[in-house]
Each structure stands twice: as C-alpha cells, then as structure tokens.
Amino acid sequence: MSDETAMLREPWVDFSRQREAGKFGIWVFLASETLFFGALMLTYSVCRIEHPAAFAAAGRETNIWYGTINTAVLLTSSLTIAVAAQGAESYARLRRLVIACLVVTALLGLAFIVIKGFEYKEDMDKHLVPGAGFALPERAAQLFFGFYWLVTSVHAIHLSIGIALVGRLVWVLLRRELPVTENPEIEVTALYWHLVDIVWIFLYPLIYLPGRSS
Amino acid sequence: MTDSLLAGELPLPPRPDYLRHGSTVWSWLSTTDHKRIAILYAVTITIFFFLGGAAITAVRLELFQPNGWLMTSDSYNKLFSFHGIIMVWFFLVPSIPNTLGNFLLPLMIGAPDVAFPRLNLFSWYLTIAAGAFTVYALVAGGVDTGWTFYTPYSSMFSNTHVFAAAAGVFVVGFASIATGVNFIATTHMLRAPGMTWFRLPLFVWAIYATSLIMVLATPVLAISLLLVIAERVFGLPIFDPARGGDPILFQHLFWFYSHPAVYIMVLPAMGVVSEIIPCFARRRIFGYDFMVYAMLAIAGIGFFVWGHHMFVSGQSPLASLVFSFLSFIIAVPSAIKVFNWTASLYRGQISFESPMLYALGFVGLFTTGGLSGLFLASIPVDVHVTDTYFVVAHFHYIMVGGSVSAFFAGMHFWWPKVTGRRYPESWAKFAAILMYAGFNMTFLPQFFAGYLGMPRRYHTYPAEFQIYNVMSSAGAAVLAIAYLLPLFYLTWSLFYGGKAGRNPFGATGLEWTTSSPPPPKNFDWQPRIDRAPYDYHAEGMSAGTDPPEMQNAKETQ
C-alpha cells in the first residue's frame with residue numbers, strides 16, 4: 001500500500017485507475033506513432049510501385065548481414081523488456097531480475113545503434129548517399145536510399161529515446177526512488193519499446209529484401 | 001449530487017481560487033493546473049492572433065490598389081504565408097481546444113484535472129518553442145511558400161526560411177498530439193460517478209472528436225514536413241521528379257492532415273455553440289444523440305475527403321469522383337447539426353445576450369461557408385474556381401466566421417466562470433454585431449471576385465476587380481476594430497468588472513455548480529450526476545420547471 005501511495009500522482013485518487021490511464025494513454029500515443037510510420041511506409045510503397053526495377057537494384061546494395069543481426073538484437077531486447085514488465089507485475093522478490101532485464105534491454109538497444117553505425121559507415125564508403133557521386137546508375141535508386149537514410153534514422157531516434165527512457169527507469173529503480181512492483185512506468189516504457197521493435201520488423205523486409213528473392 | 005448542493009446552500013470552506021493559489025511568475029510557468037495552463041494558452045494564442053492579424057492587415061492595405069503600391073511581390077508572398085501559418089497552427093488549431101477545452105473539459109466531467117497534468121504543461125512549452133521557430137522564420141526574412149508548403153517549390157526552389165517555418169509547424173504538431181492524447185484519456189478515465197457517455201455535454205464530445213483527429217492526422221503532417229526538410233537539408237530526392245520523386249505525393253500527405261485539420265478547427269466551435277444556444281433559448285438541445293453521432297461522423301468521414309483539394313492536380317478521374325461523392329456526404333452530418341441548433345430555438349424563450357449573438361452569428365456564417373463548400377465539392381465548379389478568391393472566401397467563412405465567432409462566443413459565455421468577473425454587456429453586444437457585419441463586408445465580396453476569376457495569392461490584379469477588393473479591405477478594417485474591442489473591455493473587466501456569481505446565465509452543466517473562479521481542484525465535493533445534460537425545460541413546460549440550480553441563480557442576480 002505504501003508502494004502505491006508513493007506512485008500515486010495528481011489527479012488520481014485510485015492507483016489502479018492511474019495505472020489503467022497510463023496504459024490507455026500510451027496506447028493512444030502508439031496509435032499516433034503508427035500513423036507517423038505508416039505515412040512514411042506509404043510514401044515508400046508508392047515510390048516502389050512507380051520504380052520497381054530501381055528499388056530492386058538498390059535493395060541488393062544494402063548489407064543484409066547488418067540488417068539481420070540487428071533484427072535479432074532488437075527482437076531479443078523485446079523479450080528482455082517483456083520479462084521485465086511481467087516480472088514487475090507479480091512479485092517483489094523479482095526486483096533484481098526486473099532491473100537486470102531492463103539493463104540488458106538498454107544494452108541491446110545500444111548494440112543496435114552501434115551496429116547501425118558500422119552499417120552507415122559502409123554505406124558511405126560505397127557512395128550510397130543520394131547526391132553527386134552516387135554509386136548506382138538508376139535514377140530512382142537515389143530515391144530508395146533517400147528513404148533508407150530517412151526511415152532508419154527516424155527509427156534510430158525513436159530507439160534512442162527508448163534507451164533513454166529505459167536508462168532512466170534503471171536509475172530511479174536502483175536508487176529506490178520508486179518501487180518495482182506494479183510500477184506503471186515499466187509497462188508504459190515496455191509498450192513504447194515494443195512499438196519501436198514492430199516498426200523495425202516492417203522496415204527489415206522493406207529495406208533489405210527487395211531484389212534478393214529473384 | 002443533491003439539489004441542495006447544486007443550489008449552493010451549503011457553506012463553502014474558505015480557500016483561495018485557482019487564480020490566487022500562488023501568485024509568482026514561477027507558480028504560473030510550473031503549474032500543472034489545467035485552468036492555469038488554459039490561461040497560459042489563451043495569452044499565447046492572443047499574441048499569435050494579433051501577429052497573424054497584423055500580417056494580413058498589410059496584405060489588405062496592399063490590395064486597395066491593383067498595381068502593388070505598398071510592397072514588393074516578395075514581401076507580399078511572405079506576409080500572406082506568415083498569416084496562414086500563424087493563424088492555422090498557432091491560433092485556430094489550439095484556440096478552442098487548448099483554452100476553453102483545457103479549462104472546461106475536467107470541470108464538465110466532474111474531474112479535478114486532466115489525466116496527465118505534466119504532459120499538459122509540456123505541450124504548452126512545445127507550442128512556445130514552435131512559435132519561436134516560426135517567428136524566427138519571419139524575423140530572419142520570411143517564408144514565401146504559403147501555409148501549404150507545396151512541393152517542388154518548397155523543397156527545391158524557394159530560397160526563403162522554409163526550414164525554420166516547417167520545423168515550427170513540425171514541433172507544434174507534437175503539442176497538438178500531446179493535447180489530444182491527454183483529452184482522450186481524460187474523457188475515458190476521469191468522468192465523475194454517474195457521468196455516462198450519453199450524459200456528456202456536447203462540448204466534451206466535440207473536444208473528444210477533435211482529439212481523435214489530432215492524434216491520428218497530425219503525425220502525417222509531421223511526416224510530410226519532415227520529408228520537405230529532408231529534401232532541403234540533406235538533398236534526399238523524395239519530391240524531385242528528376243530523380244524519380246513524386247511532387248504530387250506531398251499534396252496527398254499534406255491534405256490527409258490538412259483536411260481533417262479543418263474539422264480540428266470547427267468541431268470545437270460546434271461544441272461551444274451547442275452549449276450556448278440551449279442556455280439562451282432555455283430549451284433542451286434538439287436531438288442530442290444525433291448531435292453526437294454527427295460529430296463522430298464528421299471526424300470519421302473527414303479522413304476520406306482530402307482529394308477534393310486535388311481535383312486539378314492530375315489525380316485520376318475515378319479518384320476525383322469518389323472524393324467528390326464523399327465530400328457531399330460529409331455535408332449531411334454538418335446539416336444535421338445546423339437543423340438541430342435551429343430546432344432547439346423553436347418555442348424557446350430566446351434572449352440575445354452577447355454569447356448568444358456570437359453563437360447565432362456562427363450558425364449563419366457556418367451555414368454560408370458549408371453551402372459554398374458544396375460548390376467546391378462539385379468537380380466542374382471546382383475546376384472553374386480552384387485557386388481563386390472563391391476558395392479563400394469559403395474557408396474563411398468556416399474558419400473565421402465559424403471558428404473565431406464561436407471562440408469569442410465561448411470566451412464571453414465562460415468569462416465570468418474563468419475570471420469571476422462580469423464584462424460590460426452592451427460593449428460585448430456591440431462587438432458581436434460589429435464582428436458579424438465586418439466579417440461579411442470582408443469576405444462576401446471575395447465570393448464574387450473569385451467567381452469572376454480573380455486568383456488568390458497574387459500581388460497585383462486587373463483593375464476590374466478593384467471594387468471587390470476595396471469593399472473587402474474596408475470590411476477588414478471594421479473587422480479589426482471588432483477584434484480589438486474585446487481586448488479592451490475584457491481586460492477592463494478584470495479590474496473593474498462586477499463580481500460574477502457562480503452561475504450568471506442560469507446554465508446547466510457541472511462547471512456552473514462550482515464557484516467562480518473555481519478552486520484549484522475544481523470542486524469542493526465529489527460531483528455525482530443523475531440526469532442528462534441541458535436540463536432546461538422541455539417543450540410545453542414553463543420556466544418554472546427549471547431545475548433548482550438555475551432558479552436559484554436567477555433569484556440571486
């Protein structure tokens with residue numbers, strides 16, 4: 001009960017209602033985020049339908065190894081944060097597990113960004129940045145890489161925000177400013193993290209698979 | 001709640017109201033009280049309103065003469081662009097939701113605050129940061145793309161400050177999303193006991209429907225501006241046809257937001273008017289359920305009509321046909337609302353206080369704007385008048401005649417509740433009538449000029465159109481006075497206005513049951529609701545059957 005009063009915020013009088021509102025609020029926000037990435041993917045799809053050959057040729061230039069490893073890294077981080085969220089739901093004795101899972105999640109997120117950095121470096125060396133001196137002859141290949149840079153960096157910004165949120169959670173939980181058990185912030189952060197992962201699951205085939213199946 | 005509570009018979013414990021609950025500047029800048037944030041927003045958007053108004057004053061002065069006597073074409077382009085950007089995103093979109101909505105939503109549903117008070121304050125700071133970007137764009141030399149940022153002009157050719165302006169709009173979009181999330185969660189999670197969905201005042205429904213659009217449409221605007229910025233700053237070829245890009249795609253993305261944004265601007269206005277008309281007609285709102293369904297229908301169908309902005313953009317005839325049809329369909333729920341407001345007046349005991357004058361003005365101007373919208377939904381007529389002053393007149397009837405009138409209506413209606421003061425009623429009536437007259441003087445001639453073929457956004461025009469432009473500019477001067485008047489007498493009322501009672505207009509609704517101004521947590525007791533809204537007398541009954549809180553209010557005047 002004292003845990004609950006520590007986490008109770010204005011204007012709520014009932015902690016379970018506050019939890020419910022936090023979850024509800026983040027779901028509404030995720031709906032908004034879906035439209036955000038949805039509009040980007042729609043733009044990509046329109047251009048790909050207009051220029052199928054160029055998109056296939058450009059897609060072959062991406063490094064599928066980096067993409068695949070990063071997909072694995074991100075999916076694993078989804079598992080660890082799900083364990084953290086479930087652990088926080090149940091027992092106080094899982095406190096150390098919850099915090100450990102959050103730390104691993106943040107580290108996996110960082111690993112994703114680092115791998116992405118190596119991939120960006122290689123792309124630049126291969127002159128895959130749109131503009132003068134672009135490597136591919138197809139006109140619309142520049143368009144593909146325009147999307148590539150934009151979508152992956154917007155995703156990376158979202159992921160960085162996620163890492164910051166998880167890091168902050170670890171910090172307040174370790175300092176015991178907030179209790180772990182039934183802490184609504186863990187689940188809210190986890191829901192955001194999952195969205196960032198789901199977005200990547202859509203981006204992976206859009207970026208790395210065109211032109212590779214045939 | 002019991003009638004004795006409603007009637008205010010129980011003594012209230014002594015406590016400061018929300019305005020006197022802390023008086024330092026910091027207590028305002030760090031407040032999480034929805035009522036104070038509403039005031040912060042009100043001050044902010046008033047400044048933006050007069051900035052945008054100043055820009056268009058220069059434009060109207062310029063248009064007195066057909067030959068461009070006052071300024072260069074470049075300055076002209078920058079001024080009308082600044083006017084549009086400021087008025088749409090920094091005044092109209094936040095106007096009613098973030099001021100009246102912020103103030104009233106928790107009060108109307110019997111809640112102590114919004115669901116996420118800190119997020120509420122954060123969204124105000126985002127608005128300020130975004131405003132700084134946009135004002136910087138003007139001070140640094142302006143932006144000349146118009147408020148629509150059409151590509152490829154905005155992405156490849158304009159050498160003005162597109163980046164700063166687009167960044168400002170991008171950021172204010174997040175403020176909008178934050179507000180929308182907050183209001184939706186508040187409506188779902190914080191209703192007082194007994195406040196069922198179909199006992200919600202229509203203003204709450206309007207804010208709820210608006211929030212849905214804000215949350216679902218604004219991210220698409222963010223993307224379309226992000227793509228423009230990416231093309232300008234990083235040279236990504238998204239809208240560049242030479243490298244495979246598609247400039248028309250921008251228009252699809254932009255109008256996917258910007259047409260629903262029209263309903264972001266007008267739905268809250270409908271909510272305000274639905275509160276005021278029953279109060280001053282002393283009648284129940286006619287067809288409450290249909291008013292709710294009509295608003296939700298407008299919010300929903302509003303997402304599927306964006307193509308009527310693109311009839312001449314080279315979109316396929318089939319798509320144009322579908323968009324034209326859907327645009328006619330959305331007129332149906334709008335018409336339902338107009339009929340229901342009118343029917344609510346039938347056999348009412350109508351009194352013409354200033355909020356009612358503004359509200360009736362809204363109904364007239366909104367109807368005119370809506371009917372002219374049908375002209376534009378019809379493809380052959382639209383092809384004739386696209387990008388003429390006909391379009392300008394049409395959307396100003398909706399957005400200025402409609403939304404701004406309703407904003408003033410709401411401001412006058414709830415002013416005693418917000419400030420605890422009464423304003424000079426005869427000045428308010430005079431301003432309301434002057435605003436209606438000035439508005440029509442300004443924009444009615446533009447329908448004629450547009451139909452005769454005068455294009456919008458041009459610096460000079462053929463001399464045959466001068467008569468319409470002189471009428472319009474003269475009307476704009478009247479309109480400017482009508483907008484300035486409330487600034488003076490409402491400010492005056494803050495210091496010298498008589499004390500307002502708890503319910504000066506004898507209105508129903510929870511916000512009138514608490515003191516004026518309300519205490520920091522809104523209510524001194526937990527409100528309980530046992531009746532539908534608009535509990536004014538039913539048809540065939542006299543005013544003696546008013547519920548006790550209204551009779552009481554009238555006796556204590």
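In chain A, residues 24 or more positions apart account for 81% of the contacts with a separation of 6 or more, where two residues are in contact if their C-beta atoms, placed from the backbone, lie within 7 Å. This is a predicted model, in which local features need pLDDT of at least 70 and side-chain atom pairs count only at pLDDT 80 or more, while totals for chains, interfaces and linings use all residues. Residues are numbered from 1 along each chain as its sequence is written, and chains are lettered from A and ligands numbered from 1 in the order in which they are written.

The C-alpha trace of chain A spans about 65 × 30 × 30 Å along its principal axes, and 40% of its 214 residues are buried, a residue being buried if 20 or more other C-beta atoms lie within 10 Å of its own, exposed if 12 or fewer, and partly exposed in between, with C-beta atoms placed from the backbone.

Chain B has 18 helices and zero strands. Its radius of gyration, taken over C-alpha atoms, is 23 Å, close to the 24 Å that the globule rule (2.2 Å times the number of residues to the power 0.38) gives for 557 residues, so chain B is as compact as a globular protein of that length. The C-alpha trace of chain B spans about 75 × 45 × 45 Å along its principal axes, and buried residues make up 55% of the chain. Of the contacts in chain B between residues at least 6 apart in sequence, 85% join residues at least 24 apart.

Within helix α17 of chain B, which covers residues 466–496, lies B:Y483. This tyrosine counts as partly exposed because it has 18 C-beta neighbours inside 10 Å. B:Y483 and B:A432 are 51 residues apart in sequence, yet their C-alpha atoms are 9.3 Å apart in space.

Where the chains meet, 31 residues of chain B are in contact with 31 residues of chain A. On the side of chain B that touches chain A, α7 (162–189), α8 (202–234) and α9 (247–281) each supply at least two residues, and α8(B) gives the most, with eight residues.

Conventions. Helices (H or I, at least four residues) and strands (E, at least two) are DSSP runs, numbered from the N terminus.
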